[in-house]
Amino acid sequence: MSKKVLVLADVRRQKLRNVTLEMIGAATRIADGGEVGVVILGKDIKALADGLGNYGVDVSYVVDSAELEHYNPSAYRKAFMEAVRDFEPSAILMAHSAVGRDFGPVMAARLGAGQVSDIVDIEGEGDDLRFVRPIYAGKAFTKVRIKQGTTIVTVRPNNLTPAEAGVGKAGTVKELAVSFEQPDLATMVREIVEKANTGVDLTEAKVIVSGGRGVKDASGFEPLKELADLLGAAVGASRGACDAGYCDYSLQIGQTGKVVTPDLYIACGISGAIQHLAGMSSSKVIVAINKDPEAPIFQVADYGIVGDLFEVVPMLTSEFKNVLA
Ligand code: FAD
């Protein structure tokens, strides 16, 4: 039976993040011939709705307001509910990002909906869809089927196939005028101060070069940064490296850090503790560099290099320079 599926666009710095197209692709599949809607919330974001019809979106809702410049659960809920009332979705998708992790339960409580969090795949078709999500820190997967009622699904970035252009739907854009007052603005983010790093967003990066306690000190990240710059990669870290003060916690990957799914993850001087694997084991290709041949990271690695990272990483950089020249 065809359904109506509503996607909350993942917007950062007035741009749609890649996961938005991944969610539109998933929504089209879930809708099974039904309608796909997208809600775009933010400030100065009207233009983001242009052309979404070509990706299969039937209706885009835009709420453009200074109060939505940064995520605010009450204001988001008010704006999103306007779209929900108009569209009447049976499923809602949002990214499993900092926003989606908070806002999913907000909307589930508001709508009395069931929630499936952090999905990495969808199996089956039609009414027999199963959402695949990791459990036990990525050691196993569970498949969840929703029998009835509205469903809210949060989608892990970089896992589902993005919608492709060329669908050719006209797509309607509806601008919703929403006014915010107290208590909608009881909590407000005034400013976001971003930490300086390589500039590539870790959760969207296709390649990540990550360092652990094996880098020895903050300067030990330099060869990793050089390799990352060459590959257009983001730099990540284990909690061991963050705890030791070698890098900022914003780089931490793992159970209590960021969850990433790049095409290529290069782990340098990282032992492979279960809490680290929870954040990166679904990477498509994992390369581990560690001088201990017994390090657990080698159990999840596709390619393992037993050696000193201070010799191996510069060698890789120089080889890549030759290849990319
Ligand atoms: P180590 O375990 O000390 O490993 C360093 C590795 O570097 C070793 O394998 C060593 O052989 C290798 N090495 C040393 N020198 C070199 C060299 N010159 N060349 C090559 N290899 C070298 N950890 C996370 O990463 N992310 C999390 O989100 C996270 N959350 C946690 C949550 C909880 C509740 C707890 C209890 C722990 C959590 N941890 C997390 C910590 C985790 O258990 C590990 O302590 C941590 O991942 C270890 O970091 P590491 O691999 O860098 O350090």
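This is a predicted model: local features need pLDDT of at least 70, side-chain atom pairs count only at pLDDT 80 or more; totals for chains, interfaces and linings use all residues.
A disulfide is a covalent bond between the sulfur atoms of two cysteines. The pair to examine is cysteine 247 and cysteine 242. The closest cysteine sulfur to that of cysteine 247 belongs to cysteine 242, at 3.8 Å. That separation is too far for a bond, because the two sulfur atoms would have to lie within 2.5 Å. Cysteine 268 is in no disulfide either. Its nearest cysteine sulfur is that of cysteine 247, 12 Å away. Both cysteine 247 and cysteine 268 are buried. Cysteine 247 has a relative accessibility of 16%, and it counts as buried because the limit is under 20%. For cysteine 268 the relative accessible area is 0%.

Alanine 244 lies in the loop between helix 5 (239-243) and strand 15 (264-268). Its relative accessibility is 36%, so alanine 244 counts as partly exposed. Alanine 218 is 26 residues away in sequence. In space, the C-alpha atoms of alanine 244 and alanine 218 are 9.0 Å apart.

The ligand sits in the second largest pocket. Helix 5, helix 6 (274-280) and helix 8 (309-324) are the elements that each give two or more residues to the shell around the ligand. In total, 26 residues surround the ligand. The closest are Arg213, Ser238, Thr256, Ser271 and Asn290. Serine 271 places a polar side-chain atom 2.7 Å from a ligand oxygen atom. A backbone N or O atom of isoleucine 253 lies 2.9 Å from a nitrogen atom of the ligand. A backbone N or O atom of glycine 269 lies 3.0 Å from an oxygen atom of the ligand. On its own, the ligand has 990 Å² of accessible area, and the protein covers 76% of this.

Backbone geometry was examined next. Most residues other than glycine have a negative phi, and most peptide bonds are trans. Glutamine 182 and proline 183 are joined by a cis peptide bond, with omega at about 5 degrees. Proline 183 lies in the loop between strand 12 (172-175) and strand 13 (207-211).

Positive phi values occur at arginine 13 and at asparagine 158. Arginine 13 is not a glycine, yet its phi is about 50 degrees. Arginine 13 lies in the loop between strand 2 (11-12) and strand 3 (15-16). This residue is exposed, with a relative accessible area of 58%. Asparagine 158, also a residue other than glycine, has a phi near 75 degrees. Asparagine 158 is found in the loop between strand 11 (151-155) and strand 12. The side chain of threonine 154 makes a polar contact with the side chain of histidine 96, at 2.8 Å.

Terms used
Residues are numbered from 1 along each chain as its sequence is written. Side-chain values use heavy atoms; hydrogens and water are left out. Helices (H or I, at least four residues) and strands (E, at least two) are DSSP runs, numbered from the N terminus. Buried means under 20% relative accessible area, exposed over 50%, partly exposed in between (1.4 Å probe, protein chains only). A residue is near a molecule or strand if one of its heavy atoms lies within 4 Å of it. A polar contact is a pair of N or O atoms within 3.5 Å; within protein, one must be able to donate a hydrogen and the other to accept it, and residues adjacent in sequence count only if both atoms are side-chain atoms. Accessible areas come from the Shrake-Rupley method with a 1.4 Å probe; for residues, only the protein chains shown count as cover. On a 1 Å grid over the protein atoms alone, a cavity is a set of points where a 1.4 Å probe fits but cannot get out, and a pocket is an open set with protein on both sides within 12 Å along at least five of seven lines; lining residues have an atom within 4 Å of a point. A molecule sits in a cavity or pocket if more than half of its atoms lie within 2 Å of its grid points.
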